[in-house]
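Let's take a walk through this structure together.

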Amino acid sequence: MSALPIPSRERLLEQEVRNLGLEVQRLREALASVRDQTPPLPGTRRNGPDPQEAHPLGGSRALAFLRNIITRPNIEVGEYTYYADDDGADRFESRNVLFQTDDPRDRLTIGRFCSIASGVRFLMNGSNHPQAGSTFPFWAFGRGWHERSDIPVRGPITVGNDVWLGLESCVLPGVTIGDGAIIGARAVVTKSVAPYAIVVGNPARVVRMRYDERTVARLLAIRWWEWPPERITRNLPEIVAGRWDDLT
Ligand SMILES: CC(C)(COP(=O)(O)OP(=O)(O)OC[C@H]1O[C@@H](n2cnc3c(N)ncnc32)[C@H](O)[C@@H]1OP(=O)(O)O)[C@@H](O)C(=O)NCCC(=O)NCCS
């Protein structure tokens, strides 16, 4: 009978690393289950803020979960998406969504878990003057100047989920911003932005993609932002660190 080959030191180490990985996973699951079973302290929430609250930071008016303060029918915002502004976040729909018209195509839709920094502006379709002849809006003044040329409607603005819009960035009509994108401070977004792209500058250009194509496709399929809060809480360390392979 021939002797079994002695595993090399490298093999043994590889095995050890695998075992450690399994052990870490086991401990993580055990910790999650302890957390899930421990009753919360009275008066505390365990799965993040209440998405129905308008001002989830202790009532401060400097930050609002937009969904709960929006009144206009052409603006739709998903849960947890916030606008932060030291001058008061509540006037978002008049100060930050500009040149709105009553054209049914003039819509702003923003997904869930977006971070909108102070001074971000969405320029809606009324921002365009006609270009065929004079750009002066004669019709607005009337008194015989009623001739009106067509204002180009470029379409709705659509922002995906988990998008971070940097300070004073500006989004033009007709633009779609994909899930997970980052818009740099003061960027002027004139064209649609792919999911998980980082764009900066005027006009905004992609500086890099946050993940490779395979990971982006996975994230767009996982859609963690639609999970119930309990599942988000359980996976929070992984979501925050981008350890997408470890989601449970
Ligand atoms: C977009 C942003 C996240 C990029 O961060 P990053 O991934 O670390 O990128 P880097 O700092 O490596 O920059 C990459 C390139 O883009 C340029 N760049 C970064 N941010 C820029 C901006 N806002 N405008 C123009 N160029 C910018 C950098 O100069 C660099 O250019 P280079 O490759 O020619 O050297 C960051 O710069 C930013 O603008 N953050 C927004 C901050 C903000 O507004 N916060 C508000 C409170 S929430």
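Predicted model: local features only at pLDDT ≥ 70, side-chain atom pairs only at ≥ 80, totals over all residues.

**From the sheet inward**

Valine 97 sits across from phenylalanine 122 of strand E7. Strand E7 covers residues 121-123 and is joined to E4 by two bridges, with the two strands running parallel. Step back and you will find an open sheet of four strands, ordered E4-E7-E10-E13 and paired in parallel. Its edges are strand E4 (97-98) and strand E13 (188-189), each of which pairs on one side only.

Phenylalanine 99 has 15 other C-beta atoms within 10 Å, so it counts as partly exposed. Phenylalanine 113, in the loop between E5 and E6, also has a positive phi, of about 55 degrees. Is phenylalanine 113 buried or exposed? It is buried, because 22 C-beta neighbours lie inside 10 Å.

Glycine 111 belongs to the loop between strand E5 (108-110) and strand E6 (115-116). This glycine is buried as well, because it has 23 C-beta neighbours inside 10 Å. Which residues does glycine 111 contact, leaving aside its neighbours within four places in sequence? They are Gly78, Thr81, Val159, Gly160, Asn161, Val163 and Asp179. Take asparagine 161: it is 50 residues from glycine 111 in sequence, yet their C-alpha atoms are 4.4 Å apart.

Now turn to a hairpin. Strand E14 (residues 197-200) pairs with strand E15 (residues 205-209) in the antiparallel sense through four bridges, and alanine 197 has methionine 209 as its bridge partner. Four residues separate the two strands, and glycine 201 in the turn has a positive phi of about 90 degrees. Proline 203 lies in that loop between E14 and E15, and the peptide bond joining asparagine 202 to proline 203 is cis, with omega about -5 degrees.

Finally, look inside. In soluble globular proteins, nonpolar side chains tend to be buried together. Here the largest nonpolar core has 42 residues, and those with the most contacts inside it are Ala64, Val171, Ile177, Ala181, Ile183, Val189 and Val199. Not counting residues up to four places away in sequence, alanine 64 touches several residues, among them Ile69, Tyr82, Tyr83 and Phe92.

Terms used. Residues numbered from 1 in each chain as written. Buried ≥ 20, exposed ≤ 12 C-beta atoms within 10 Å, placed from the backbone. Contact = placed C-beta atoms within 7 Å. Core = buried A, V, L, I, M, F, W, Y, C linked by C-beta atoms within 7 Å. Pairing = 2+ DSSP bridges.
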